[in-house]
Amino acid sequence: MGRWLCAFLVVLLAGSLVDGSMFVTKNMPRARKDPTEIGDAGREFAAKNPHLTAQNRATPLPPILLVPGVAGSQLSSRNSNPAHWYCHQSDQYSLLWLALQSLLPGPLLQCFTTNMELQYNDQTYTFSNMTGVDVIVNYPNSTLGIEFLDPQIQFVTVYYGDLVASLLAMGYKRGVNLAGAPYDWRLGPRSYPQTFANMKAQVEDLYASNGNQKVWLIGHSMGTRLLHHLLAYPGVVDQAWKDQYVAGFIAVAPPWTGAVEAVQSVINGYNFGIPYLMPSEARPIQRTLESNYYLFPTPVQWADVPIVVTNKRNYTGMQYADLFNDMGLPNKTIVWEHVFNQTSTPLQPPNVNTFVMYGTGVKTHKQLIFPTGDFSKDAKVVIGDGDGTVNVESLVAAQVWKDQMPFKFAMQNYPGQEHVDILQDKQFIVDLLSIVL
């Protein structure tokens, strides 16, 4: 009863914006005490550099496409065949992610779980929603569904909102020279052929509608991996296309070679940084998400690194199949093999101007220890460096590109900045504006 009451009070307080700081954990966006601070960095930059604003520039503002990471796009769902009588059956869509009230412990959470989970067909090698469930992405091609994750509690769930507000302060306009590419982040690249086609078309449309100006591609977290896939993997776009349409690629908090935390989410569960959601309650969802396996530490780069350690053996980036079998989840080996061919190759240069921006100096899970080999128990976590989500080795893996491509390449470290909070850091926003403008 106490837990229900605490959770209820948390939502009430967050909804009234009395003190959003209770949601400040390492992977949730840091809430602003004062909502008027949103966009401050852009307003200050515009005041100091009026010649760079839309009204004073000699040339139009260069168009921008923003690509979010895991859990960074609003999703809506409907369920024509709910598993429980108390779950809502409707032909109308309602907000699925992020509707904080749906994550309260109890019946609502069970309904949320059913709508969020995926099922894998090992005959067709495809992921799909659970039977009767339909999930759509909110605000396709727009930034509206990636600025704030819960539209009812905006300033507690700021995501790209601060950066977008700063760009608007410079004279950018949504739907004109500023677009978003939200997607169903539960899936991975193998399930995204249409997403990549749409992204390519968005770039071409932004280019054509802005006087044939090249487009800046900005991605956060897994969004950087998707943009890298678009630019570097064969069969998506060629070099002539990149030379014509792309001004540059800005990768923010990039999990180039994965993150140990993704492994932990499958073994123990992870609560997305939401304090009243138990990791074990989120685990059934996370074990079904293709994107989780896509973000495992990659086999090539982590081939000799013990990621999971037990009293009997170690498991490296090349031994996930053994890990799943020993966990009693042999079916997850099939899922991993589905993803494996997209994470088992060396990190290829994107061959465009590239800027990597990331935080370090934050405690980050480096290794998971199960002293008795019992995977039902919580891991003892060895801490390393990183941004609180992505390990530093992964964040800086792209440094090899400096000597591999004839394009501008730079990396900027923001000590103490966490994985999502970096998007609200004033210095980061100022630096990004300086690059783009």
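Start with helices α12 and α13, whose crossing is right-handed (the near helix is turned clockwise from the far one by less than a right angle; left-handed would be anticlockwise). You're looking at a predicted model, where local features need pLDDT of at least 70, side-chain atom pairs count only at pLDDT 80 or more, and totals for chains, interfaces and linings use all residues. Residues are numbered from 1 along each chain as its sequence is written, and side-chain values use heavy atoms, with hydrogens and water left out.

**Stop one: the helix pair**

Select residues 320-327 for α12 and 331-340 for α13; they pack at about 160°, with axes 8 Å apart. The axes are lines fitted to C-alpha atoms over the stretch in contact, with angles from 0 to 180 degrees between N-to-C directions.

Now show side chains. From α12, Tyr 320, Ala 321, Phe 324 and Asn 325 make the contact, and from α13 it's Lys 332, Thr 333 and Trp 336 (contact means heavy atoms within 4.5 Å). Sorted by class, that's four nonpolar, two polar and one charged; here Ala, Val, Leu, Ile, Met, Phe, Trp, Tyr, Cys and Pro are nonpolar, Asp, Glu, Lys and Arg charged, and the others, Gly among them, polar.

Rings of Phe, Tyr and Trp (its six-membered ring) pair if their centres lie within 6.5 Å; planes under 30 degrees apart are stacked, over 60 edge-to-face, and the rest tilted. By that rule there are 21 aromatic pairs.

**Stop three: two tilted pairs**

Jump to Tyr 159 and Tyr 160, a tilted pair at 5.0 Å centre to centre, with 55° between the planes. Both Tyr 159 and Tyr 160 are buried (under 20% relative accessible area; exposed is over 50%, partly exposed in between, with a 1.4 Å probe and protein chains only).

Next, pick Trp 241 and Tyr 245: ring centres 5.2 Å apart and planes at 40°, so this pair is tilted too. They sit four residues apart in helix α8 (residues 239-245), and so about one helical turn separates them. Trp 241 is buried at 7% relative accessibility, and Tyr 245 is buried at 14%.

**Zoom out**

Colour by secondary structure: the protein has 15 helices and 15 strands, which are DSSP runs numbered from the N terminus (helices H or I, at least four residues; strands E, at least two). Of its 437 residues, 57% are buried.
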